[in-house]
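Dear colleague,

Please find below the structure that I am handing over to you. My notes on its side-chain contacts follow directly after it.

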Amino acid sequence: MTLQLLPQESIKYKTASPIANLCPEINLLLCCSRTNIDTSTASQIHKLLQTDLDWDYLLQKAYQHGVFLLLYESLQKTHPELIPQNISDQLHAYSQIKTARNLFLAKQLCQILDLLDTDNISAIPFKGPTLATLAYGNLVLREFSDLDILVRKDDYLRAKELLIRQGYRHKYFPEHEVASSQAQLIRDDDKVGIDLHYDIVPKDSFFPLDSTPFWERLQPLSIAGQTVATLQPEDALLVAYIHGSKEDWPLKRVCDFAELIRAYPQLNWEQILEPVERLGNKRGFLLALLLACNHLSLPLPEVVSQKFKVPPQLRFIAKQLYQQLVCDAELENQLTPSDGLSFFIGGLSLVRIANTDSFRLRVQYCLDIAFRVNERDRAFFPLPDFLYFLYYPLRWLRLIKTYKFGKDKILNLSKLLRYS
């Protein structure tokens with residue numbers, strides 16, 4: 001069963017000139033951004049390759065969304081003879097570079113895990129080469145740039161000190177770690193970056209998932225010829241949901257989410273949905289499923305479609321994120337000023353608001369953004385430190401001036417805040 005969006009006329013929000021059909025370049029990118037190319041998709045790829053494609057635009061979008069390797073693999077598996085030679089050379093050259101980088105990082109990961117193990121530090125690799133192998137079945141189909149490793153909180157400082165002795169340093173100032181439950185480290189030669197975590201997400205996150213149970217249900221996974229212990233698919237899917245939501249779902253994150261579901265048809269959905277409902281993220285998880293459905297034709301299991309009813313507002317947001325694939329600017333530029341709906345208002349993500357079921361948490365998120373003074377606020381009206389308190393009202397003046405945060409936007413924001 002595949003979820004379909006409601007017809008546009010059934011949406012209460014007014015939109016400006018909705019895109020009825022995506023351009024052939026984006027359609028081709030979506031057809032190729034998956035590991036499973038069925039007969040129908042292969043036929044569509046064949047038809048699209050025979051159109052007058054803007055290859056520069058296609059490659060730019062693939063690079064922007066982190067799915068270049070998937071594009072190359074899918075084109076090679078289907079109709080490589082229809083790719084212009086100069087484009088084929090570009091695809092091959094970039095693929096070779098990224099493949100070498102992925103294999104290098106995978107070997108580095110195994111070495112780091114061995115290093116931690118010799119000091120009796122248990123560690124769980126996730127994302128990066130682990131997710132590439134777990135979800136895509138191949139290290140060279142998913143792009144990644146650093147390594148994510150989870151350790152127990154009691155081992156965190158010892159693990160960090162061990163890595164620093166091995167030639168790693170803080171990528172940013174250490175005080176930035178206080179609220180993030182992680183250290184971003186980089187090797188002295190700048191070739192390897194590590195995000196060392198003692199929790200998957202901070203406790204004050206929109207989805208405060210407790211990673212403690214992960215340690216009790218690890219599974220073996222072969223990476224670069226070495227067996228490592230990593231997350232089981234159900235936990236990996238929840239982590240993929242967290243990271244996709246934090247980034248407002250670029251295509252790469254939608255692919256991660258969809259590929260995990262495709263790779264493990266026997267997922268324990270009760271185990272997945274229990275924390276989603278308990279932590280008030282039913283809407284956000286439904287949005288992720290809608291995006292995987294709309295972008296990548298993901299068939300959804302009956303248990304999900306029977307258990308959850310999709311609110312029209314989520315369908316609207318999924319529709320707009322689908323259309324955003326063809327836009328180089330933020331989504332708010334697709335809408336006329338009278339629409340009053342902007343997905344990004346001074347750092348306020350309306351997609352993030354839609355992620356949580358709790359009115360209290362939605363308000364808490366808005367207040368956090370409203371009073372989070374940043375460098376642009378300080379540059380807007382420099383003040384001495386003893387007048388810092390004035391930045392709070394001045395921030396609102398700047399937001400109103402910059403984002404035209406008028407009556408219509410406030411009304412639409414209030415609708416998103418309170419819908420149930």
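In this predicted model, D188 counts as exposed, because its relative accessibility is 52% and the exposed class begins over 50%. R169, at 35% relative accessibility, counts as partly exposed. These two residues form a salt bridge, with the closest N and O atoms 3.6 Å apart. The bridge links distant parts of the chain: D188 lies in the loop between strand 4 (182-187) and strand 5 (193-197), R169 belongs to strand 3 (residues 168-170), and 19 residues separate them.

A further salt bridge joins the side chains of D189 and R187, at 2.9 Å from N to O. D189 is partly exposed at 38% relative accessibility, whereas R187 has 18% and therefore counts as buried.

K127 and D148 also form a salt bridge, their closest N and O atoms being 3.9 Å apart. This pair, too, connects distant parts of the chain, 21 residues apart: K127 is in the loop between strand 1 (123-126) and helix 6 (128-136), and D148 is in strand 2 (residues 147-151). Both K127 and D148 are buried. The model has 11 salt bridges in total.

I turn next to helix 4. This helix (residues 68-78) is mostly covered, with eight of its 11 residues buried. Among the buried ones are F68, L69, Y72 and T78. The buried residues of helix 4 pack against several other helices, including helix 1 (24-32), helix 2 (39-49), helix 5 (85-118) and helix 9 (251-263).

The aromatic residues deserve a separate paragraph. There are 11 aromatic pairs. In one of them, the ring centres of F68 and Y94 are 4.3 Å apart and the planes stand at 45°, so the pair is tilted. F68 in helix 4 and Y94 in helix 5 are 26 residues apart, and the pair thus links distant parts of the chain. F68 is buried, with a relative accessible area of 6%, and Y94 counts as buried at 18%. Y388 and Y391 form an edge-to-face pair, with 5.4 Å from centre to centre and 70° between the planes. Y388 is partly exposed, with a relative accessible area of 29%, while Y391 counts as buried at 1%.

F207, Y241, W249, F257, W269 and F285 form one aromatic cluster. Finally, the charged end of R152 sits over the ring of W215, 4.2 Å from the ring centre.

With kind regards

How values were computed:
Residues are numbered from 1 along each chain as its sequence is written. This is a predicted model: local features need pLDDT of at least 70, side-chain atom pairs count only at pLDDT 80 or more; totals for chains, interfaces and linings use all residues. Side-chain values use heavy atoms; hydrogens and water are left out. A salt bridge is a side-chain nitrogen of Lys or Arg within 4 Å of a carboxyl oxygen of Asp or Glu. Helices (H or I, at least four residues) and strands (E, at least two) are DSSP runs, numbered from the N terminus. Buried means under 20% relative accessible area, exposed over 50%, partly exposed in between (1.4 Å probe, protein chains only). Contact means heavy atoms within 4.5 Å. Rings of Phe, Tyr and Trp (its six-membered ring) pair if their centres lie within 6.5 Å; planes under 30 degrees apart count as stacked, over 60 as edge-to-face and the rest as tilted. A charge sits over a ring if NZ of Lys or CZ of Arg is within 6 Å of the ring centre and within 35 degrees of the ring normal.
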